[in-house]
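User: Hi, I have a new model to go through. Let's take it piece by piece.
Analyst: Happy to, here it is.

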Amino acid sequence: MSEDVYRAANRANWDDRAVLHATDQGGMYGIAAVLAGRSSLHPVDVAGIGDVRGLRVAHLQCHIGLDTLSLAHLGAHPVGLDFSAEAVAAARGFAARAGRPDVAFVEADVYAARAALDGAFDLVYVTWGAINWLPDIARWAAVAASLLKPGGRLFLAETHPSALVLDEVDGRLVPRFDWLTPEGAPIASDESTSYTGDPRPIARTRNYEWIHPLSAIVTGLLAAGLRLTRLDEHETLPYRLYPSMVPADRDDDGRVFTFRLADGAVRFPLSFSLTAEKPL
Ligand SMILES: C[S@@+](CC[C@H](N)C(=O)[O-])C[C@H]1O[C@@H](n2cnc3c(N)ncnc32)[C@H](O)[C@@H]1O
């Protein structure tokens, strides 16, 4: 099957998820808090991006725009990009409801982001469940680099590839997926509901994903001319990758912010974050 087939299936799947997520019955997205002017960014993201006041930010794969709006609440000038028409429509609706018509959203494939977005950016922001939908990580890195102005930086926070190879079976974590996914042979899944805990069914269930090793991500960024300035590994994730994971912390409304492995489990990194700069 071709990349176009994978992309079309993923876009249909994300359109269906976006409709569900925009009315968030699981409460995972904290929509009301963002509409009230608060930030939905996770502690790892906040620590990783630092002060964003006044920065032009490209938020790639922005989904329903809540993190994009959060960046605006923190003083940045963000634009969100996503290939899901439903996600972009929801994001625009939230921007209007939040009184932030200045926050724009663009419907485009991430590989076409350079042509779809105007100008150069101080920060390219990519987090939590983005690069696993992309077949070619080096091509993605080149796109991210092309969006940055000299001195600008990319912030990436993602599920750790070492965690992605495991699956939980009868309460035990066991290796299930190869550590790198060939471009032409993605991991195909059919999930009848979304990860938010919302019981409503997804109509178009099929999706395709890729596991990218940390080395491929880092060498892709270096080959794109960026300079790696920070790489961290973390024991938390903003979602429950394995059913046995437990809440690690909560926000002011009591909403679970991040999950960790249960007490007594052998510890390993569940996520990583990095910063890469475009040289002046
Ligand atoms: C798990 S969400 C990312 C969450 C996001 N970080 C946020 O701010 O909420 C994944 C998003 O990637 C988008 N996506 C997947 N493949 C894409 C592609 N090739 N181009 C653009 N967007 C894509 C989906 O439509 C979806 O909105």
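Predicted model: local features only at pLDDT ≥ 70, side-chain atom pairs only at ≥ 80, totals over all residues.

User: What covers the buried residues of α1?
Analyst: The cover of the buried residues of α1 includes α5 and β9 (206–209). Buried here means 20 or more other C-beta atoms within 10 Å of a residue's own, exposed means 12 or fewer, and partly exposed is in between, with C-beta atoms placed from the backbone. Helices (H or I, at least four residues) and strands (E, at least two) are DSSP runs, numbered from the N terminus.

User: Thanks. Which residues of α1 are buried, then?
Analyst: Those are Y6, N10, R11, N13, W14, R17, A18, L20 and H21.

User: And how far does α1 reach?
Analyst: From first to last C-alpha, the 19 residues of α1 reach 26 Å, close to the 27 Å expected at 1.5 Å a residue. The expected span is 1.5 Å times one less than the number of residues in the helix.

User: How does α5 do on that count?
Analyst: Helix α5 (residues 85–97) has 13 residues, so it should span 18 Å at 1.5 Å a residue, and its end C-alpha atoms are 18 Å apart, which agrees.

User: How do the axes of α1 and α5 cross?
Analyst: They come within 7 Å and cross at roughly 30°. Axes are lines fitted to C-alpha atoms, for helices over the stretch in contact, and angles run from 0 to 180 degrees between N-to-C directions. The two helices, α1 and α5, are therefore roughly parallel to each other; angles under 35 degrees get that label, over 145 is roughly antiparallel, 65 to 115 roughly perpendicular and the rest oblique.

User: Which residues make the contact?
Analyst: On α1, W14, D15, A18 and V19; on α5, A85, E86, A87 and A90. Contact means that the two C-beta atoms, placed from the backbone, lie within 7 Å. The residues of this contact between α1 and α5 divide into 6 nonpolar, no polar and 2 charged. Ala, Val, Leu, Ile, Met, Phe, Trp, Tyr, Cys and Pro count as nonpolar, Asp, Glu, Lys and Arg as charged, and the others, Gly among them, as polar.

User: What else is buried in α5, and what covers it?
Analyst: The buried residues of α5 are E86, A87, V88, A90, A91, F94 and A95. Their cover includes α1 (3–21), α2 (31–35), α4 (66–73), β2 (77–82) and β3 (104–107).

User: What happens just after α5?
Analyst: G99 takes a positive phi of about 70° there. In the loop between α5 and β3 you also find P101, which counts as exposed with 9 C-beta neighbours inside 10 Å. Leaving aside neighbours within four places in sequence, P101 is in contact with A95 and A96.

User: Changing topic: how many residues surround the ligand?
Analyst: There are 20, and the closest are W14, Q61, H63, F83 and G129. By class, the shell has 10 nonpolar, 6 polar and 4 charged residues.

User: Where does the largest share of the shell come from?
Analyst: From α1, with 3 residues. Both α1 and α4 supply at least two residues each.

User: Last one: what do the buried residues of α7 pack against?
Analyst: They pack against β1 (56–60), α6 (113–116), β4 (121–127), β5 (148–159) and α9 (214–223). The buried set in helix α7 (residues 137–147) is I137, W140, A141, V143, A144, A145 and L147. R139, also in α7, is partly exposed with 15 other C-beta atoms within 10 Å.

Notes: Residues numbered from 1 in each chain as written. Near = placed C-beta within 6 Å.
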